Amino acid sequence: MQKQEFTITVYTENQIGLLNRIAIIFSRRKINIESLNTSPSEIESVHRFTIVINEIEDVVRKLCRQIEKQVEVLKAYYNTNEEIVWQELALYKVPTEVIAEKVKVERLLHEYGARAVAIRTDYIVFETSGHREEIEGLIKALEPYGLIEFVRSARVAIIKDSKGFHEKLKEFESFEPGANVIENEFLDKQEEVFTM
Amino acid sequence: MSTLELTKEKAATSVSKTENISGSEAVLKAFVAENAVTIFGYPGGAIMPIYDALYDYQDQLHHILVRHEQGAIHAAQGFARASGKTGVVFATSGPGATNLVTGLADAMIDSTPLVCVTGQVFAHLLGTDAFQETDVINITTPVTKWNYQVTDATEIPSVLAKAFYIAKSGRPGPVLIDITKNAQIQKFDYKGYEPCTHIRSYRPKPIVRKKYVEEAAKLINAGEKPFVIFGQGVILGKAENEFKKFIEKSGIPAAWTIMGMSAIPTDHPLAVGMLGMHGNYGPNVLTNECDILIAIGMRFDDRVTGRLDKYAKQAKVIHLDIDPAEIDKNVKATVPVWGDCKETLPMLTELIQQKKHDSWLQRFRDFENEEEEQCIIPELNPTDEVLTMGEVIKLLNELTKAEAIIVTDVGQHQMVACRYAKYKESKSNITSGGLGTMGFALPAAIGAKFGAEHRTVVAIIGDGGFQMTLQELGTIMQKNLNVKIIILNNNFLGMVRQWQQLFNDKRYSFVDISSPDFVMLAKSYYVEGQRVSQREKLKDALATMLNHDGAYLLEVMVGKENNVFPMVPQGCSVSEIRLK
């Protein structure tokens with residue numbers, strides 16, 4: 001099995017200290033987190049972590065089981081890049097004079113779909129969103145003209161096949177698993193555990 | 001009035017009316033309501049309000065003052081393991097809390113239910129490097145099943161209810177609750193204690209799926225050479241009877257991990273011994289020969305499996321475990337049976353055929369005979385003058401009629417004790433399995449005695465391990481506790497020395513350890529004792545120890561350079577186990 005990018009989506013309670021509990025599952029195994037984002041989810045009071053790592057699938061599956069084992073974690077899913085829609089956001093601060101003087105720069109920004117979010121006499125801040133390669137492409141292109149500052153956000157991702165977490169949550173809220181939950185959902189799809 | 005009745009009365013009265021109480025009192029009310037009445041602890045600045053409240057609760061809560069917080073937590077572990085209940089600990093902030101870390105890690109890896117309450121500095125001082133402030137929550141996160149910091153007293157009843165529920169349910173583990181001093185002092189309207197029975201994000205038991213039980217039964221019924229290996233899951237699940245019925249109907253030979261030991265009597269006709277690095281010959285070799293390997297409540301630790309890529313490759317593996325993360329973690333399961341073995345074993349027993357596997361069982365006995373000749377007889381009936389650890393255990397078996405709780409530390413004596421000790425009752429073997437914590441035995445034996453007051457508790461400890469937590473002799477003295485202590489003294493850190501002999505060309509690097517006069521040391525704590533180094537005096541000495549009314553320390557001088565065999569050398573397959 002080859003290492004590849006996996007996006008782990010974790011539904012959790014909103015609890016202080018949980019970020020650490022999840023982060024140490026990776027650091028204990030000397031696995032680098034490429035990107036980590038926490039945000040609200042489609043359900044009020046349920047939080048959503050989006051974590052990107054480079055690993056083989058077998059390791060990712062085990063990591064997800066360790067994450068799910070945490071008391072405040074509702075569910076963990078992992079997906080390959082093909083199974084998700086994802087975006088990252090980046091901000092670039094460029095000297096205003098460069099834009100004003102060099103037509104090429106203006107064209108470049110246009111090409112990459114950059115949008116000006118702040119315009120000052122001395123600098124302009126542009127924003128792009130997209131996949132890693134596009135964002136990195138624009139940095140490279142801007143570098144010769146003097147990029148003052150650059151920052152990129154963590155990845156946010158939507159699982160293509162997901163039907164949302166509402167139904168699952170009902171199951172979690174019931175005191176005892178209801179009569180309709182006869183099957184162990186994990187065992188049902190042993191090969192695709194933790195994918196919706 | 002019994003504690004239980006008191007508990008009920010207390011619970012009933014507390015629900016009916018609202019009272020204005022302090023956070024500290026709410027902590028104690030929770031302990032009473034959970035019937036967690038034996039507390040091991042040590043006071044200090046940040047937990048003083050709780051200790052002050054405890055002053056008025058001495059009729060309901062039994063607090064044992066230890067000599068070091070590590071002693072408190074190991075005692076709570078011993079209590080939990082002997083009683084099957086949750087062990088509870090009080091410690092103060094800073095050093096008090098950090099001294100719990102080893103015990104938390106030990107309880108985490110050995111799935112021992114604990115609730116530890118630590119004091120913390122005032123909430124407004126958090127993060128200011130205040131006196132005795134440490135970031136206990138973050139220090140203990142990797143070694144707790146759950147932890148939580150309380151800064152407001154109103155949270156205390158529900159947080160403690162959650163703590164007890166999480167510690168005991170599913171796969172048990174340690175929970176730590178850190179309570180800031182202001183929350184301990186704060187008065188609030190107490191509405192009574194309600195035990196926790198459900199947490200939305202927490203599923204203690206996976207739902208059992210019949211299809212996999214059926215598949216497992218089919219495999220077992222078709223198996224020619226099935227082999228059961230079991231761990232502490234059987235004991236934690238209180239499934240000893242269900243387990244016995246399962247092996248007795250299927251006629252399958254069963255071997256235990258160090259943590260599973262005593263779940264069935266050691267003389268059970270289907271018991272074939274211990275697995276692992278210093279386990280028995282047959283179970284190790286035949287793991288690589290069986291056709292169906294049925295693992296029950298065990299986690300395929302590396303000390304059990306040896307080299308993983310040569311482990312049971314020929315076998316179809318059925319894995320019963322309550323923790324989904326254990327399935328496929330180390331050994332890929334052909335059929336995973338997730339769930340509480342108390343539920344899954346009877347389902348499985350119903351579907352399997354009544355069978356006998358006489359010739360297969362005989363294979364184990366044949367290996368046993370070979371092991372007997374090469375390892376066991378020399379250890380238990382030595383011909384030279386020096387005493388062996390094994391003969392001490394053999395005599396102890398005879399004198400206690402295999403009815404004692406044996407608490408062991410870590411090292412050669414632990415392996416010898418676990419190899420040769422005989423058990424009739426479950427929860428009789430208490431040892432630090434996963435973490436291998438030297439210094440565990442003495443405090444754990446104290447806890448075990450409180451957890452099973454009617455039973456004889458014998459701690460077997462090496463000369464090295466005893467010196468790590470010997471301060472708990474003070475606790476034994478103060479509580480006048482009837483704990484029997486055997487120090488097997490070989491004047492070496494024996495297990496490391498054995499490895500250095502076998503794998504490092506006898507380069508004995510810092511394993512030569514000297515000891516104080518243990519008997520005199522015990523006497524200074526008013527604990528009776530004697531030293532024995534002659535075979536003819538050993539049995540009498542053991543009998544004197546067991547018959548003595550109160551604690552007793554027996555130091556047995558054993559061979560300096562004796563080794564524990566058989567042994568699966570690290571990096572070798574279980575079938576490459578060495579007899580010498």
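Mentor: Start with a term: two strands count as paired if DSSP finds at least two bridges between them. Keep in mind that this model is predicted.

The part I pick is the parallel sheet of chain B. This open sheet has six strands, and their order is 3-2-4-5-7-6. The pairing is parallel. Strand 3 (62-65) and strand 6 (146-150) of chain B form the edges, and each pairs on one side only. In general, strands of a sheet pair through backbone hydrogen bonds, in a parallel or an antiparallel way.

Now zoom in on one pair. Three bridges link strand 2 (residues 38-41) and strand 4 (residues 87-91) of chain B in the parallel sense. The cut-off was at least two bridges, so strand 2 and strand 4 of chain B count as a pair. One contact point can be named: Ile39(B) has Val88(B) of strand 4 as its bridge partner.

A helix covers part of this sheet. Helix 4 (residues 69-83) of chain B lies across strand 2, strand 3, strand 4 and strand 5 (114-120) of chain B. Against strand 4 of chain B, helix 4 runs at about 165 degrees.

Step back to the whole chain.

Next, a helix of chain B. Helix 17 (residues 389-400) of chain B counts 12 residues. From first C-alpha to last it reaches 17 Å, close to the 16 Å expected at 1.5 Å a residue. Its buried residues are Met389(B), Gly390(B), Glu391(B), Val392(B), Ile393(B), Leu396(B) and Thr400(B). An α-helix has 3.6 residues a turn, so residues three or four places apart point the same way. The buried residues of helix 17 of chain B pack against helix 16 (358-380), helix 18 (412-420) and helix 24 (535-547) of chain B. They also pack against strand 17 (457-462), strand 18 (484-489) and strand 20 of chain B. Just after helix 17, Lys401(B) has a positive phi of about 55 degrees.

That leads to the backbone exceptions. Most residues other than glycine have a negative phi, and most peptide bonds are trans. Lys238(B) is not a glycine, yet its phi is positive, near 50 degrees. It sits in the loop between helix 11 (233-236) and helix 12 (240-250) of chain B. Why is Lys238(B) called partly exposed? It has 14 other C-beta atoms within 10 Å, and the class lies between 12 or fewer for exposed and 20 or more for buried.

Asp328(B) also has a positive phi, near 65 degrees. Its loop joins strand 13 (316-321) and strand 14 (335-338) of chain B. Asp328(B) counts as partly exposed because it has 18 C-beta neighbours inside 10 Å. Asp267(B), by contrast, counts as exposed, because it has 10 such neighbours inside 10 Å. Asp267(B) is placed in the loop between strand 10 (254-256) and strand 11 (271-274) of chain B. The C-alpha atoms of Asp267(B) and Phe243(B) are separated by 15 Å, and the two residues are 24 apart along the chain.

One peptide bond also deserves a check. Phe565(B) and Pro566(B) are joined by a cis bond, with omega about 0 degrees. Pro566(B) belongs to the segment after strand 20 (552-557) of chain B.

Last, the partner chain. Chain A has seven helices and nine strands. Of its 196 residues, 29% count as buried. Among chain A contacts between residues at least 6 apart in sequence, 76% join residues at least 24 apart. Domain 1 of chain A covers 4-84 + 157-179, and domain 2 covers 86-152. The C-alpha centres of these two domains of chain A lie 33 Å apart.

Between the chains, 24 residues of chain A are in contact with 22 residues of chain B. Elements of chain A that give two or more residues include strand 1 (4-13), helix 1 (18-27) and helix 6 (166-173). Helix 2 of chain A gives the largest share, four residues. By class, the chain A side has 10 nonpolar, five polar and nine charged residues.

Definitions and conventions. Residues numbered from 1 in each chain as written. Chains lettered and ligands numbered in written order. Predicted model: local features only at pLDDT ≥ 70, side-chain atom pairs only at ≥ 80, totals over all residues. Domains from an automatic or database assignment. Contact = placed C-beta atoms within 7 Å. Axes fitted to C-alpha atoms, helices over the stretch in contact; angles between N-to-C directions. Nonpolar A, V, L, I, M, F, W, Y, C, P; charged D, E, K, R; others polar. Expected span 1.5 Å × (residues − 1).
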